[in-house]
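Please keep the sequence and the model in view while reading.

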Amino acid sequence: MASSPLLLGPMLRYVDATSASIWVETRAACRVSVAAGGRSWHARTFAVHGHHYALIEVDGLDAASELPYEVRIDETVVCPEPGSEFPAPVISTRTPGRPLRMAYGSCRTSVPHDRSGNRTHGVDSLRAFALAVAEGRAERPDLLLFLGDQVYADSTSAEMQDFIRARRDIHEEPGRELKDYEEYAHLYQLAWSDEANRWLLSCLPSAMIFDDHDIRDDWNASLDWKKKMEATSWWRGRIVAGLAAYWVYQHLGNLSPAERADDQIWRRITAHDSEEELDLTDVLDEFADRCDTHPDTYRWSYSREFDDVRLVVVDSRVSRELAPSRRGLVNAKELAWLDDHLRGGFRHVLVATSLPFLLPMGLHNVEAWDEAIAQGAWGRPAAWIGERLRQAVDLEHWAAFQNSFQAVARIVAEVADGRRGLAPQTITFLSGDVHYSYLAEVERDDGGRIVQAVCSPVRNPLPRFLRWFAVVMSYGVATPIGAAAARSAKVPDPPFQWSTVKGPWFDNNLALLEDTADGLVMSWHTGVVEHGDELHPRLEQVARIVVPATRGGRRIAAEA
């Protein structure tokens, strides 16, 4: 599609029973139309740093409908592309009462799908899933949920580095990392222009939340980390570009029509009545700068309901409180919002957070201990060591922010005990980040189950020599040593205990969650190359686990 006026997309984003949101990036200012079912909807593009975007609100649809659609730019049909091997894109509206089926995962690098790319980064499990769906070998889920590191701004591919070299000296800071919005725009094009994944994203609704590599490794790990970044000559430009690009490429499509109507930037877009394209460059740059310096001025978290299933997606990066006296993975305002949304009365409550809430117990204790000594539990010299250790080995998950962990754990326990409305059958944390997958369960005798289900990476496996370190830190000698260290630093005990049911496994994976009469069925799937056909990997199941609908009593049983 090199000559097409459509640069990226169409991407099907928020969809409910009667409406859909379709996002595109175009090569020039234009009028974009979506046609389906004998009707059409249109929008003019808006500009950011010389790039052109539109989000078309398709409304007035029938529930439980499936409509093929086409995209036109200034009356020229640009999608579906003539001669495409993939089916025409469709809008499938929500069917009330139909059990939720959702795919999710995190950590996906953008490298070619050839032998070299597969050797260094493994087979793209998202592409394997896309091919399976296109060929009718896998059922389409209701939602694709991406839990962070959709792009890697700090660990760039050879293709991205070629683009950087063409515009600046790659040996000057920030070197091979992204510098500005133009480079972010190119990185998103590399991430989402693969023909199979592009087709999948045109047909399946998607929701997203960032993690650190969308901006930089260990983003907001601590106040010390942030001060070091702010002392550089390039960080301000980087964080502004990263958050502005995230709003355009990821966050805007997360919002429902009602939520967009409340968004000040979107209101500028809809209020613009001139044929001349609206340029939001300065507005978005100011907005992104404000979000970084005053995190409580904007909310990136959001919540959705699928009949009797509630999905709560949590920002655990921008909204952090880094002041040592009140450190938190979420600040007070964000915690209050989360407190309000974690309620009973649903059959299942899904809490999507890029960072695992329930780490393997050994690693949980090590991170809690490290936070305590970094905060001065063993004196100033040990505090310096604790801070260096935190940044060196990424000890910055929920466990390393005990104020937030303890608060959310208490809230979740209250929900599971039925003290916030009728107890759900399950409260399931969906996470990524750690580059291995597992399922853990809280040890409970009664009430709703509390489960942690991690799927990571979609495409970016840990090098083999690092896998032993992950296992040792999570499940080996770190378990008793971490517990002893945490007690010595007077870390409070968690309100409950948990253990791993299945895992870890290190394959590139995409996970599926299915709401069934028997409970939640969780499965993990990877791509396998057969007969040297690198471009057409087969989708293979790695693990399947049933989280029973019954409360308490029987523990979860893992299936191969």
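In which loop is the place of Asp-74? The place of Asp-74 is in the loop between β7 (66-73) and β8 (76-79).

## Basis of the report

The model is predicted: local features need pLDDT of at least 70, side-chain atom pairs count only at pLDDT 80 or more, and totals for chains, interfaces and linings use all residues. Residues are numbered from 1 along each chain as its sequence is written, and side-chain values use heavy atoms, with hydrogens and water left out.

Helices (H or I, at least four residues) and strands (E, at least two) are DSSP runs, numbered from the N terminus.

## Positive phi at two aspartates

Although Asp-74 is not a glycine, its phi is positive, at about 50 degrees. Asp-74 is partly exposed, its relative accessible area being 46%. Here, partly exposed lies between buried (under 20% relative accessible area) and exposed (over 50%), with a 1.4 Å probe and protein chains only.

Asp-394, also not a glycine, has a positive phi of about 60 degrees. Asp-394 is placed in the loop between α13 (380-392) and α14 (402-416). With a relative accessible area of 27%, Asp-394 is partly exposed.

## Cis peptide bonds

Gly-9 and Pro-10 are joined by a cis peptide bond, with omega about 0 degrees. Pro-10 belongs to strand β1 (residues 6-15).

A cis peptide bond also joins Ser-456 and Pro-457, where omega is about 0 degrees. Pro-457 lies in the loop between β19 (449-454) and α15 (464-475).
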